[in-house]
Every structure is written in C-alpha cells, then in structure tokens.
Amino acid sequence: MTRELTKADALHGVLGGGVLACGGGGWKRHGELMGDLATSLGRPSLASVRELPEDTIVATVTAIGAPAAENWEIRPVDYLDALTTLMRQVDGRIGAVMTAQNGFSTTHNGWIQSAALGIPVLDAAGDVRAHPTGKLGSLGLGERPGYTCTAVVAGGNRQLAGRFVSINVGDVNTCDDVLRDISVRVGGFIASARNPVELAWVKDHAALGAISLALDLGEAMREAGAGRSGAGNAVAAAVAGALGAEVLARGPLVFETPNVTKGGWDHGVFRVQDCLVPFLNEFMAVQQNGEWIFAYPATICLLDGATGEPMAVERAVEGQDCVLLAAPASALPVSSSAIDPAGLAECAELLGIDFLAQLDPNLRGGSNEYAR
C-alpha cells in the first residue's frame with residue numbers, strides 16, 4: 001500500500017535530505033517550500049518498487065545546476081512542465097517518478113508532480129546522497145547498450161533568459177553535458193524530467209528505499225533537537241547511529257581554497273581540524289594525514305556544531321563551528337550510477353582525485369535496500 005506524504009514528512013525530508021545532500025542537494029528554504037506546496041496542493045504518495053505494476057515506466061525528475069549560482073530561478077510549474085512534456089514524448093506511459101538524489105530540496109523531487117498529477121513517487125533514488133553530475137544519478141543507463149535518453153528541461157531565470165524548454169534525445173552522457181550547459185545559460189538552475197526506464201531496471205540499479213531513509217533520518221534528528229542551540233552533539237550522534245557514520249572532526253571550518261562557481265559547479269576545499277574536504281557542489285572526499293580516508297560514493301556530511309542542522313556549501317562560513325561525519329557507501333543503499341566508471345572518471349578529472357582507486361569493489365547497484 002502506498003504511503004501518503006504529509007507535512008511532517010516534508011519537514012523531515014529537509015533535515016534528513018540535508019544530511020544526505022553532502023553540502024549540495026538544493027536549498028533548505030526551497031525544500032521547505034516544495035514540501036509545503038506539494039502537501040497543500042494534494043496528496044503526494046510514496047511507493048516501494050514492490051507496490052507498482054511490473055510494466056511501470058519510471059522517469060527521473062530533478063533540477064540541474066550549481067547551488068551557489070546567483071541568478072537561478074525555478075518555479076513549481078517548471079517541474080510540472082518538464083514532466084508533462086516528457087510524458088508526451090513517450091506517449092504518456094510514465095507511471096511513477098523518482099529523484100536522482102537526496103538533498104535539502106531534492107528529496108522532495110516528484111512530490112509536486114505526484115500531488116498535481118496523481119502519479120506516485122518511487123521510494124528509490126539515482127543515488128542515496130547528492131552528487132555533482134547527472135551521470136552519477138542516471139541508474140547506469142549510460143553504460144546500457146542500446147539505451148537512448150529522452151530528457152526535458154524547463155524554466156530558467158525569466159528576466160535573464162526568458163522561459164526555456166528543451167527536449168533532448170540521445171546518449172545519456174552527452175545529454176547530461178548539454179543539460180548542464182543549458183542550466184548555466186539560463187541562470188544556474190533548471191527543472192528536468194529524464195531517462196524513462198522500466199521498473200525492472202530500477203529494481204536492479206537504484207538506491208532502493210532512499211526516500212524512507214531520508215525521512216526516518218530527519219525524524220530522528222528532529223527528536224534529537226535539530227535546530228535548537230546546544231543540540232549539536234545529540235544530533236551528530238543521531239546521524240551517526242542512523243547512517244553507520246563516523247565522527248571525523250569537530251571544530252571551526254577553514255577554507256583552504258575559496259568557493260568559486262564555474263561551469264555549473266561550486267569548486268573549493270575546506271578543512272576541519274586535520275581533515276581536508278574537497279567539494280564539487282557536494283563534499284566529495286576526506287583527506288587526513290595525506291591519505292584519502294573517504295571518497296565518493298561515501299556519504300560525507302557537515303553539521304552545525306551548535307544546532308546540529310546540516311550545512312550546505314553555499315552557506316558555509318569561515319570559522320563556523322561544525323561536526324564532520326562520513327559513512328561508507330557499503331552502509332547505505334547503493335545505485336549503479338554512483339559506482340559508474342564514466343561518472344567517476346569525470347569527477348576525477350575535475351578534482352584530481354582517483355575515485356576508482358578508492359572504490360570498494362564489492363559495491364553493487366540495487367543493494368542494501370532500506371525499508372521502514
């Protein structure tokens with residue numbers, strides 16, 4: 001039986017999704033607005049892969065761009081426009097939507113579409129955590145022989161670029177590069193619906209149960225006092241317990257390399273005590289004593305030391321007291337795209353980190369399903 005998503009779920013989604021955002025994943029305020037709008041507009045529903053007909057076609061809905069971009073604009077109608085345009089391209093055969101990743105707002109991807117169109121949100125994600133490129137949330141479709149991507153983007157900054165809609169058909173990786181370029185040209189962010197695929201492929205390749213995980217994590221954080229002064233340690237303990245994470249460092253945040261937005265990404269490096277953390281929209285690795293101790297697809301998160309609230313790249317402040325945690329990918333649901341060699345190679349080129357060398361060879365897509 002599908003689960004109706006409530007206003008309480010929406011609040012929990014922002015908190016838990018904010019941890020799994022790993023510094024990116026949209027914006028807290030945007031997530032609050034999306035969750036509140038969806039649960040006011042109608043009754044969005046969440047379904048597991050076992051609750052949908054076997055012939056269901058699933059589309060990924062998300063936004064593309066750099067969270068710190070100054071001129072971004074996304075309106076709720078943009079998410080609907082992207083999906084309904086995609087549905088017309090595939091003769092209306094889409095029976096469920098899913099997010100490419102968790103995040104402050106991306107955990108709520110599909111909720112507005114579900115409320116408005118009656119289509120369920122699948123309890124799965126292209127990646128349990130947030131990531132910088134579409135390749136890393138594309139369910140391994142870039143490596144699937146014969147698969148052709150259909151992707152639609154809609155929206156953009158109306159004053160800067162006018163309303164923009166683009167329909168793209170072709171190779172998954174090429175389409176991803178084109179969509180990111182479009183996001184830059186229209187102000188920094190744009191809504192997307194893409195990669196319609198059969199449910200059987202999702203079962204074998206997605207991070208299953210990823211949305212329930214974010215909601216349960218957020219609820220545990222709220223119960224630990226997230227947002228209240230002095231709750232930092234209790235919330236950090238709740239996050240560590242829920243994710244199987246390790247507390248790596250506590251102290252003031254220092255930018256080793258300042259945050260610069262270019263090419264549709266936020267780039268930089270920060271330090272907490274003896275831990276260096278490079279980011280590309282999201283926190284991508286942790287180096288300690290000259291060694292990489294965690295690297296994507298590990299979940300790496302930063303909490304405000306006083307309140308326990310998750311911290312995003314664009315809101316990180318020099319000297320801010322924080323707690324750095326990380327969980328190995330093997331502890332959480334795994335997707336095929338999070339371990340895809342092409343996606344990891346692109347990140348390696350951008351950051352100069354050999355992610356493939358750090359990768360656990362035992363990871364498999366569609367494994368470690370989380371269930372409430």
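One cut-off before we start: I call a residue buried under 20% relative accessible area, exposed over 50%, and partly exposed in between. And keep in mind that this is a predicted model.

So, take valine 165. Its relative accessible area is 37%, so it counts as partly exposed. Valine 165 sits in strand S7, residues 164-170. Together with Ile167 and Val169, Val165 makes a nonpolar surface patch of about 240 Å².

Next, helix H1. It runs over residues 7-20, and its 14 residues reach 20 Å from the first C-alpha to the last, close to the 20 Å expected at 1.5 Å a residue. How many of those residues are buried? Eleven of the 14, so H1 is mostly covered. Among them are Asp9, His12, Val14 and Leu15, and also Gly16, Gly17 and Gly18. What does the covering? The list includes strand S1, helices H2, H4, H8 and H9, and strand S16. Just after H1, cysteine 22 takes a positive phi of about 50°.

Lysine 203 and glutamate 54 meet at 2.7 Å, N to O. Lysine 203 is in helix H7 and glutamate 54 is in the loop between strands S2 and S3, so this pair ties together parts that are 149 residues apart in sequence. The lysine 203 end is partly exposed at 23%, while glutamate 54, at 53%, counts as exposed.

Then there's arginine 144 with glutamate 198, at 2.5 Å, N to O. This one also links distant parts of the chain: arginine 144 is in the loop between S5 and S6, glutamate 198 is in strand S8, and they are 54 residues apart. Both ends are partly exposed, arginine 144 at 23% and glutamate 198 at 30%. There's also a network of salt bridges that links Lys135, Asp176, Asp177 and Glu346.

Now some strands. S12, residues 275-280, and S14, residues 285-288, pair antiparallel over two bridges, and cysteine 275 has glutamine 288 of S14 as its bridge partner. S14 also pairs antiparallel with S15, this time over four bridges, with valine 286 opposite phenylalanine 294. The hairpin of S14 and S15 has two residues between the strands, and asparagine 289 there takes a positive phi near 55°.

Most residues other than glycine have a negative phi, and most peptide bonds are trans. Where do we find exceptions? Asparagine 195 has phi near 55°. It lies in strand S8, residues 189-198, and it is buried at 2% relative accessible area. Asparagine 368 has phi near 60°. That residue comes in the segment after helix H11 and is partly exposed at 38%.

Last one: which residues does the cis peptide bond join? Tyrosine 296 and proline 297, with omega about 15°. Proline 297 sits in the loop between strands S15 and S16, and S16 is among the elements that cover the buried residues of H1. That's what I had, thanks.

Technical notes: Residues numbered from 1 in each chain as written. Predicted model: local features only at pLDDT ≥ 70, side-chain atom pairs only at ≥ 80, totals over all residues. Heavy atoms only, no water. Patch = residues over 30% accessible without salt bridge, like charges linked within 9 Å, V, L, I, M, F, W, Y side chains within 5 Å. Areas by Shrake-Rupley, 256 points an atom, 1.4 Å probe, with all protein chains shown as cover. Salt bridge = Lys/Arg side-chain N within 4 Å of Asp/Glu carboxyl O. Buried < 20%, exposed > 50% of the residue type's maximum accessible area, 1.4 Å probe, protein only. Expected span 1.5 Å × (residues − 1). Contact = heavy atoms within 4.5 Å. Pairing = 2+ DSSP bridges.
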